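User: Hi, can you walk me through this structure? I'm new to this, so please spell out the terms.

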Amino acid sequence: MKVLVTGGAGFIGSHIVELLLHEGYDTIVCDNLSSGHREYVAAGAKLYEVDIASPEMERIFQYEAPDFVVHLAAQVKRRLSIRWKG
């Protein structure tokens with residue numbers, strides 16, 4: 001089975017990725033590395049450096065066809081997350 005983890009290069013996400021790999025899941029990580037770190041992604045996981053709001057995500061979903069998604073990507077800077085974009 002294949003699992004895609006958004007935010008998988010962050011503290012919590014990287015630990016979940018390690019567990020999934022340990023349990024034998026084919027594991028894909030999508031992270032823009034704005035607060036995560038490439039070196040946190042365990043060997044064996046496939047990393048896409050991409051923002052979840054990017055149109056590229058649709059192509060990744062079509063290509064990888066994950067069975068499950070663990071969604072952990074989030075804006076960690078509160079001021080940016082509530083800034084008006086209108």
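User: In the lining of the largest pocket, how many residues are nonpolar, polar and charged?

Analyst: Quick note on the source: this is a predicted model, where local features need pLDDT of at least 70 and side-chain atom pairs count only at pLDDT 80 or more, while totals for chains, interfaces and linings use all residues. Residues are numbered from 1 along each chain as its sequence is written, and side-chain values use heavy atoms, leaving out hydrogens and water. Ala, Val, Leu, Ile, Met, Phe, Trp, Tyr, Cys and Pro count as nonpolar, Asp, Glu, Lys and Arg as charged, and the others, Gly among them, as polar. For the lining of the largest pocket, that gives 10 nonpolar, eight polar and two charged residues.

User: Is Ser-14 buried or exposed?

Analyst: Ser-14 sits in helix α1 (a helix is a DSSP run of H or I, at least four residues, numbered from the N terminus). Buried means under 20% relative accessible area, exposed over 50%, and partly exposed in between, using a 1.4 Å probe and protein chains only. Ser-14 has a relative accessible area of 4%, so Ser-14 is buried.

User: Which residues does Ser-14 touch, not counting those up to four places away in sequence?

Analyst: Contact means heavy atoms within 4.5 Å. Leaving out residues up to four places away in sequence, Ser-14 touches Gly-8 and Tyr-40.

User: How far apart in space are His-15 and Tyr-40, C-alpha to C-alpha?

Analyst: His-15 is in helix α1, residues 11–22. Along the sequence, His-15 and Tyr-40 are 25 residues apart. In space, C-alpha to C-alpha, the distance between His-15 and Tyr-40 is 8.6 Å.

Key:
Helix = DSSP H or I, 4+ residues; strand = E, 2+ residues; numbered from the N terminus.
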